[in-house]
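Here's a quick briefing to read alongside the model. Have the sequence and the 3D view open as you go.

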Amino acid sequence: PPGEQIGPARWRCDVPVDDFALERIELDANAGAIDSNSELPQIALCVSGEVGIQSLSEGSVQLRPGQAAFVTGTRFKTEFQGSGQVFLATVRSRVEI
């Protein structure tokens, strides 16, 4: 698989820009949930299977291929579970306006 493995079932994808980061998560229902503790906003795009996203601050949502969800930057843990593949796009650092 392309990119650098950064944890169980997680890969950092190479992108040609400095402003954004892209991560791929391969979920297996038998392996349990994968946590994201990012304080930065993320866009989650499901490309295969069915992926559940649960956040203490935002509730939960189920995604199927082609569906996406916005995950606000929070200090609370966000869990990804199910069976499938999801890509997470995020900014590389918090921008203050």
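This is a predicted model: local features need pLDDT of at least 70, side-chain atom pairs count only at pLDDT 80 or more; totals for chains, interfaces and linings use all residues.

**Around Val-61**
- Val-61 sits in strand E6, which covers residues 59–63.
- With 35% relative accessibility, Val-61 counts as partly exposed, because that class runs between the 20% and 50% cut-offs.
- Val-61 and Phe-80 are 19 residues apart in sequence, and their C-alpha atoms are 9.9 Å apart in space.

**Around Arg-10**
- Arg-10 belongs to strand E2 (residues 10–13).
- Its relative accessibility is 16%, so Arg-10 counts as buried, the cut-off being under 20%.
- The side chains of Arg-10 and Glu-23 are joined by a polar contact of 2.5 Å.
- Not counting residues up to four places away in sequence, Arg-10 touches a set of residues including Glu-4, Gln-5, Arg-24, Ile-25 and Ile-34. Glu-23, Asp-35 and Ser-36 are also among them.

**How the strands pair up**
- E2 pairs with strand E3 (residues 20–27) in the antiparallel sense, over four bridges.
- Getting from E2 to E3 takes a hairpin of six residues.
- Look for Trp-11 here: its bridge partner in E3 is Arg-24.
- E3 also pairs with strand E8 (residues 78–91), again in the antiparallel sense, over eight bridges.
- On that side, Leu-22 has Ala-89 in E8 as its bridge partner.

Note on methods
Residues are numbered from 1 along each chain as its sequence is written. Side-chain values use heavy atoms; hydrogens and water are left out. Helices (H or I, at least four residues) and strands (E, at least two) are DSSP runs, numbered from the N terminus. Buried means under 20% relative accessible area, exposed over 50%, partly exposed in between (1.4 Å probe, protein chains only). A polar contact is a pair of N or O atoms within 3.5 Å; within protein, one must be able to donate a hydrogen and the other to accept it, and residues adjacent in sequence count only if both atoms are side-chain atoms. Contact means heavy atoms within 4.5 Å. Two strands pair if DSSP finds at least two bridges between them.
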